[in-house]
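Trainee: I would like to learn how to read the packing inside a protein model. Where do we start?

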Amino acid sequence: MAQDAAKAQSKKKTRSWALISGLAAFFFAGVLAYAGYQALVHPDTPLPRAWNPMQPLAVSDPVTPLTGWKLNRAVASFDQCLAALNGFAAVQPQEPLEDTDQCFIRDRVALSGVGDTRLAPLETRCAIALRTAMWERHSLQPAAAEFLGTSVQSIQHIGSYNCRLLRTSAGPSTRMSTHATADAIDITGFGFADGSQVRLIDDWEGTGPKADFLRAARDGACKWFSLTLSPDYNRLHADHFHLQSRGWGLCR
């Protein structure tokens with residue numbers, strides 16, 4: 001009986017120590033989590049803002065593994081999208097446009113420039129404006145410097161909002177185009193600081209620095225837009241990039 005009592009007492013002590021150890025570990029983890037949170041939100045945190053998940057997207061931040069997540073958060077909120085564009089685009093918020101139940105622009109902005117690059121004024125969604133700003137900063141300008149030895153000065157387009165059905169190689173579709181909600185923009189070419197021009201209809205085919213630049217521009221767009229179509233996709237896109245803010249990730 002004495003041995004049984006001793007064993008029971010030993011098991012009780014073991015359970016008590018396990019409980020105390022578990023509570024201590026939980027408390028320690030909580031302290032670490034709180035300290036980590038404070039380190040992220042403290043004004044003097046040593047963590048660079050591009051690596052800080054508590055800091056919103058800034059177009060000028062270097063690209064990190066967090067950038068795509070921050071971009072998706074920003075485009076999901078009109079206010080956050082506008083805040084991210086502040087200082088990095090010539091953009092003005094507009095009242096929503098509601099033409100029909102299928103044709104409208106929510107989170108509507110007037111856009112005439114991104115970064116150091118101008119565009120012919122257009123109306124589009126803030127998400128397209130922000131994605132275009134990220135593309136210009138992190139893809140177009142580096143590609144222009146690498147392949148052409150100059151900088152992009154203008155982006156040429158054929159619009160964003162267009163209340164129409166989707167066009168396909170097989171003919172008209174019964175589905176509405178993403179242009180009907182300004183969730184896409186069509187880019188036809190680029191102008192550069194040295195006075196040169198690159199146009200998809202003229203320069204996509206063949207080899208050379210202009211074609212290399214256009215392919216780098218297309219590949220860069222795939223990083224910032226949810227769907228990117230180029231002349232490689234089909235003949236309907238022989239003269240432009242079709243860039244969408246929503247889609248299934250196709251890059252061609």
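**Reading the interior**

Mentor: Start with one residue and its surroundings, keeping in mind that this is a predicted model. Thr-124 touches Ile-105, Asp-107, Arg-108, Val-109, Leu-111, Ala-129, Ser-160 and Ala-182, leaving aside residues up to four places away in sequence. Its place is in strand β5, residues 117-125.

Trainee: Is Thr-124 buried or exposed?

Mentor: Buried means under 20% relative accessible area. Thr-124 has 0%, so it counts as buried. Its side chain also makes a polar contact of 2.8 Å with the side chain of Ser-160.

Trainee: Which residues touch the most other members of the largest nonpolar core?

Mentor: In soluble globular proteins, nonpolar side chains tend to be buried together. Here the largest nonpolar core has 42 residues, and Leu-130, Trp-135, Phe-190, Phe-213 and Phe-241 touch the most other members. Helix α4 (residues 126-148) supplies the largest share of this core, eleven residues.

Trainee: How many aromatic pairs does the structure hold?

Mentor: There are five. For each, look at the distance between ring centres and the angle between planes; over 60 degrees is edge-to-face. Trp-135 and Phe-190 have centres 6.0 Å apart and planes at 70°, so they are edge-to-face. Trp-135 is in helix α4 and Phe-190 in strand β9 (residues 184-192), 55 residues apart. Both are buried.

Trainee: Why is the pair of Phe-192 and Phe-213 edge-to-face?

Mentor: Because their planes are at 80°, with the ring centres 5.3 Å apart. Phe-192 lies in strand β9 and Phe-213 in helix α6 (residues 209-224), so this pair ties together parts 21 residues apart in sequence. Ring pairs link Trp-135, Phe-190, Phe-192, Phe-213 and Phe-225 into a cluster.

Notes. Residues are numbered from 1 along each chain as its sequence is written. Side-chain values use heavy atoms; hydrogens and water are left out. Helices (H or I, at least four residues) and strands (E, at least two) are DSSP runs, numbered from the N terminus. Buried means under 20% relative accessible area, exposed over 50%, partly exposed in between (1.4 Å probe, protein chains only). A polar contact is a pair of N or O atoms within 3.5 Å; within protein, one must be able to donate a hydrogen and the other to accept it, and residues adjacent in sequence count only if both atoms are side-chain atoms. Contact means heavy atoms within 4.5 Å. A nonpolar core is a set of buried Ala, Val, Leu, Ile, Met, Phe, Trp, Tyr and Cys residues joined through side-chain atoms within 4.5 Å. Rings of Phe, Tyr and Trp (its six-membered ring) pair if their centres lie within 6.5 Å; planes under 30 degrees apart count as stacked, over 60 as edge-to-face and the rest as tilted.
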